[in-house]
Amino acid sequence: ARPPAAAAMDAAGNPLLSPGAVAAVADARKHEAHCIEFGPMRIGVASVIAFSFFNVSGGPWGSEDIFTNAGPFWGVIGIVLFTVFFCVPQCLLTSELCCALPRNGGYAVWVREALGDFWGVQEVYWQWVSGVADAAIYPVLLCDTIMQLTGRSGAGRFEVWRWRMGVTAIMSLPTFVSFHFVPGLLIVFGFGTALPVAAFIAYGARLVDPKVWLQTVSGRPLNMGKLINSIFWNLEGWDAISTCTGLVRKPRESIIPRGLFISLAATSFQYITVLLVAAGVSEQFEPWYSWKDGSLPSIGASLGPWMGLWMLVASAVGNAGMYLSEFVEDAYLLQGAAEAGIAPSFFAMQMLFTKSPYVAGIFQFAIISVMVVFDFGEILVFDNFFTGMAVLLQFVSFFVLRWRRPDLPRPFVVPRLALSLFLPAVGILCFMLFHCFVKAGKASLVTAVAFALGTPYGCWVIRREQLRKATGGGSALDELFSGR
């Protein structure tokens with residue numbers, strides 16, 4: 001799932017928050033040292049729209065594989081079907097559970113409430129692993145874009161890794177100075193990535209050849225597994241608003257679903273529009289079946305050098321914004337876990353003046369430095385597996401809570417007719433998880449190891465919980481998940 005590229009202000013002057021910022025604020029309600037200072041805030045419809053859009057998408061970067069794997073016609077059909085049969089159920093589920101359990105712990109609270117402590121810990125662990133993997137994708141995307149534009153696509157693996165390490169280090173610089181600079185940078189990055197994309201659509205739409213949209217490549221079968229993985233990464237993440245449910249204005253049962261569905265419509269429309277325009281203008285220069293991750297700026301260059309440069313700048317600031325947001329969010333999560341006693345205590349160490357969790361940041365940077373050895377598709381599969389497992393737990397928790405807690409107040413209730421959409425959503429998840437784990441080549445071994453580590457970690461946390469309670473201590477999990 002995507003982290004946001006930016007935050008801005010709505011018409012009433014309220015901040016449109018990035019998920020990294022929101023996660024930090026939510027955690028800071030209990031851990032003041034974590035706080036990125038925004039002052040008093042409440043989230044309205046406009047903020048929910050912006051927060052969800054930037055968390056799920058943040059721009060069209062990395063969406064090229066949708067058309068590469070399926071072609072323009074089936075790519076658009078895939079986006080529409082995924083929107084209806086996966087995104088709509090996830091938005092409905094999120095709306096009901098956010099209103100029923102309005103705490104900033106979000107999906108971790110839902111899973112713990114429904115399935116117990118062990119699975120609540122697994123949810124946090126899987127979300128953190130997928131978050132770090134997601135952060136690793138953005139340096140790879142940007143580096144691949146630069147190398148395509150400079151004609152270095154055929155570089156050797158070691159040279160590519162050096163380029164990616166350099167890009168990762170540059171993207172990480174603000175976090176080594178202070179995490180507190182990041183929210184301000186995200187505001188700038190948001191405008192920097194949105195304006196060029198809008199210009200590309202407006203200028204390119206006049207030159208589109210619609211016949212390209214019905215093209216197929218003879219002898220090239222539809223790669224359903226890769227298609228679903230690509231669409232999932234670009235359109236999943238509607239549960240993210242749950243991390244700041246406590247900040248949403250009342251009535252939540254109106255604001256959350258309205259904001260989510262408006263954002264969903266805008267996000268799906270963005271992907272369809274950008275990809276159709278790109279396919280329609282690039283037939284001679286770079287046909288859709290030859291696209292790779294990072295091809296959009298190259299396609300922009302076919303409209304003129306100025307457009308190529310503008311799209312490269314948009315890609316750079318968009319990917320940097322998403323990287324920083326994810327990096328900060330995950331570092332604060334790791335610090336919070338360390339302070340609650342369910343992760344090694346040294347991860348809670350902070351810089352003297354800025355209070356930034358520098359040990360957690362260095363640890364994440366080290367992991368990302370290893371992960372950028374893999375290609376975009378391999379990291380995406382790893383990321384999607386852990387995100388998919390976490391989302392599957394949320395769907396299971398939704399039905400368990402319906403069964404075990406029918407008395408739980410639900411200001412917003414998923415309509416009974418809409419529950420029929422949940423079956424294809426779970427089917428999509430299971431198919432994607434199977435593809436990630438079985439068909440992913442080199443990434444499968446790394447995925448299996450990372451997944452296996454979650455079990456002993458969960459058992460260790462539960463054992464510590466039992467010992468703390470036996471000696472009269474408070475619950476670390478209550479502290480971590482309370483969101484108060």
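A contact is a pair of residues with heavy atoms within 4.5 Å. Among contacts in the protein between residues at least 6 apart in sequence, 83% join residues at least 24 apart.

The model is predicted: local features need pLDDT of at least 70, side-chain atom pairs count only at pLDDT 80 or more, and totals for chains, interfaces and linings use all residues. Residues are numbered from 1 along each chain as its sequence is written, and side-chain values use heavy atoms, with hydrogens and water left out.

Display the whole protein as a cartoon. There are 16 helices and 2 strands, taken as DSSP runs (helices H or I, at least four residues; strands E, at least two) numbered from the N terminus. Of the 484 residues, 62% count as buried, that is, under 20% relative accessible area, against over 50% for exposed and in between for partly exposed (1.4 Å probe, protein chains only).

Next, select Phe 86, Phe 200 and Tyr 323. Within the largest nonpolar core, which has 137 residues, these three touch the most other members. Such a core is a set of buried Ala, Val, Leu, Ile, Met, Phe, Trp, Tyr and Cys residues joined through side-chain atoms within 4.5 Å. Leaving aside residues up to four places away in sequence, Tyr 323 touches Ala 135, Tyr 138, Pro 139, Thr 168, Met 171, Ser 172, Phe 365 and Ile 368.

Then select Trp 74, located in helix α3 (residues 64-100). Trp 74 is partly exposed because its relative accessibility is 47%.

Finally, select the cysteines Cys 143 and Cys 430. Cys 143 is buried, at 0% relative accessible area, whereas Cys 430 is partly exposed at 40%.
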